[in-house]
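Hello,

Here is the structure for your set. My notes follow below it.

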Amino acid sequence: SVEEGNLRNQTLLMTTYAAGLRVSEVIRLTVKDIDSKRMMIFVRKGKRAKDRYTILSKRLLSQLRSYWRVYKPKGQLFPGKKPATNIADSTARGIFVMAKAKASITKNGGIHMLRHSFATHMLEAGVDLRTIQILMGHSSIVSTMHYLQMTRKKFDDTQSPLDRLDIPERD
């Protein structure tokens, strides 16, 4: 049904954003890669064929469980049309384009925007660059720094250390 398709599409996009994944990583996820005990997602063969772990949010886990109840995927988390294959890269990209259009978002950019947003939102939440680097699977911190532009919100919320000192006022 259309509603089931929406559940799959929503879950795919939510997973991409919530875990900071590349499109090639999200389409290759398997059911076994979701570790609800440790609240981690195992990313197999990311860029440069490196494996890593990233975070599994509680909201995403709840969404994944709803998705599993409907689709009951066995191997691939987002299976393709043929058994034991994953959804196509172009299908995932198309899902993003359709979601953008449905939300009347006209800003340029593809599904990789979700990964960029993950990194930016982590920085805004006060997560250190090294942690973001590890979660995103960057070999170099320079890659992470390139991704993350200093946001106006973060800049406005930055307080001078002098203002944080508890020094009695002089008369």
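Where does K74 lie? K74 sits in the loop between α3 (58-71) and α4 (89-102). Helices here are DSSP runs of H or I with at least four residues, strands are E runs of at least two, and both are numbered from the N terminus.

This is a predicted model, where local features need pLDDT of at least 70, side-chain atom pairs count only at pLDDT 80 or more, and totals for chains, interfaces and linings use all residues. Residues are numbered from 1 along each chain as its sequence is written, and side-chain values use heavy atoms, leaving out hydrogens and water.

**Overall**
The protein chain has nine helices and three strands. Their order along the sequence is α-α-β-β-β-α-α-α-α-α-α-α. Of its 171 residues, 35% count as buried. Buried means under 20% relative accessible area, exposed over 50%, and partly exposed in between (1.4 Å probe, protein chains only).

**K74**
K74 counts as exposed because its relative accessibility is 75%.

**T15**
T15 belongs to helix α1 (residues 2-19). Its relative accessibility is 0%, so T15 counts as buried. T15 touches G20, L21, V26, L29, L60, L64 and F78, leaving aside residues up to four places away in sequence. Contact means heavy atoms within 4.5 Å. Among contacts in the protein chain between residues at least 6 apart in sequence, 54% join residues at least 24 apart.

**I141**
I141 lies in helix α7 (residues 141-147). At 30% relative accessibility, I141 counts as partly exposed.

Best wishes
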